[in-house]
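This report describes the fold and selected residues of one protein chain. The sequence and the structure are shown first, and the description follows.

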Amino acid sequence: ASALARALLGLGATLITGGTENHLMVVDVMKSYGLTGAEAQTRLEAAGIVCNKQVIPDDTLPPMRTSGIRLGTPAATTRGMKESQMQQAALLIDRVLRASATAADARAVLDSVRELIRAYPVPTLI
C-alpha cells in the first residue's frame, strides 16, 4: 500500500493523509483530477479496477457523489503483487482518471489490467 501511495503521490494525486500506514488510502479525485468520486469509481470499474467513492473531510459534495475514492491493496497482495506491481497499478489508475473517459480508453487499460492479473492469479487452497 505504501508503494501505491508513493506512486500516486509522484503522479500528482492528493492523498487525504499524505500517504498510508495500512492497506487503505483515500484519494481526493476532485482536487487531483477534477472528477467526483462517483465518476472516478465508474471509470475505474470500467477499466477493471475496483474502488469505492469516499467522503473526504470537509467534502462539499453529497455522499452519493463525493470528492474522493478509497483504494485498498489486500486483493493485489493476496495475489502476490509487490511494490513494482503497485507502481504499475498507480500508472493505470492515473491513466484512467486523466483519460477522456471514452470506451477506448477504458478498454486499453482493461487489457493492461487483465494482463497484470493473469500474471498473478488468485491462490487456491488445493
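With a relative accessibility of 9%, D94 counts as buried, because the limit for that class is under 20%. The structure in question is a predicted model. D94 forms a salt bridge with R98, and the closest N and O atoms of this pair are 2.9 Å apart. R98, at 49% relative accessibility, counts as partly exposed. A search of the whole structure finds 1 salt bridge. Side chains of opposite charge can pair when their charged atoms come close. Both D94 and R98 lie in helix 5, where 4 residues, about one turn of the helix, separate them. An α-helix has 3.6 residues a turn, so residues three or four places apart point the same way.

**Accessibility of selected residues**

| Residue | Relative accessibility | Class |
|---|---|---|
| D94 | 9% | buried |
| R98 | 49% | partly exposed |
| A40 | 0% | buried |
| T73 | 4% | buried |

The strands form an open sheet of 3 strands in the order 1-3-2, with antiparallel pairing. Strand 1 (24-28) and strand 2 (52-54) stand at the edges; each has a single partner strand, so one side of each is left without a neighbour in the sheet. From one strand to the next, the twist averages 35 degrees. Strand 2 and strand 3 run antiparallel and are joined by 3 bridges. K53 has I69 of strand 3 as its bridge partner. Helix 3 (residues 37-46) packs on the sheet, where it touches strand 2 and strand 3, and its direction makes about 40 degrees with that of strand 3.

A40 is placed in helix 3 and is buried at 0% relative accessibility. Residues up to four places away in sequence aside, A40 touches V29, L35, I69 and L97. Along the chain, A40 and I69 are 29 residues apart, yet 7.3 Å separates their C-alpha atoms.

In soluble globular proteins, nonpolar side chains tend to be buried together. Here the largest nonpolar core has 31 residues, and L8, I69 and L97 are those with the most contacts inside it. At least two residues of this core are supplied by each of helix 1 (2-10), strand 1, helix 2 (29-33), helix 3, strand 3, helix 5 (83-98) and helix 6 (103-119). Helix 5 provides the largest share, 7 residues.

**Helix 1 and its surroundings**

The buried residues of helix 1 are A3, L4, A5, A7 and L8. These buried residues pack against strand 1, strand 3 and helix 5. Just after helix 1, G12 takes a positive phi of about 100 degrees.

Is T73 buried or exposed? At 4% relative accessibility, T73 counts as buried, since the limit is under 20%. Apart from its neighbours within four places in sequence, T73 is in contact with A1, L4, H23 and M86.

Technical notes. Residues are numbered from 1 along each chain as its sequence is written. This is a predicted model: local features need pLDDT of at least 70, side-chain atom pairs count only at pLDDT 80 or more; totals for chains, interfaces and linings use all residues. Side-chain values use heavy atoms; hydrogens and water are left out. Buried means under 20% relative accessible area, exposed over 50%, partly exposed in between (1.4 Å probe, protein chains only). Contact means heavy atoms within 4.5 Å. Two strands pair if DSSP finds at least two bridges between them. Axes are lines fitted to C-alpha atoms, for helices over the stretch in contact, and angles run from 0 to 180 degrees between N-to-C directions. A nonpolar core is a set of buried Ala, Val, Leu, Ile, Met, Phe, Trp, Tyr and Cys residues joined through side-chain atoms within 4.5 Å. A salt bridge is a side-chain nitrogen of Lys or Arg within 4 Å of a carboxyl oxygen of Asp or Glu.
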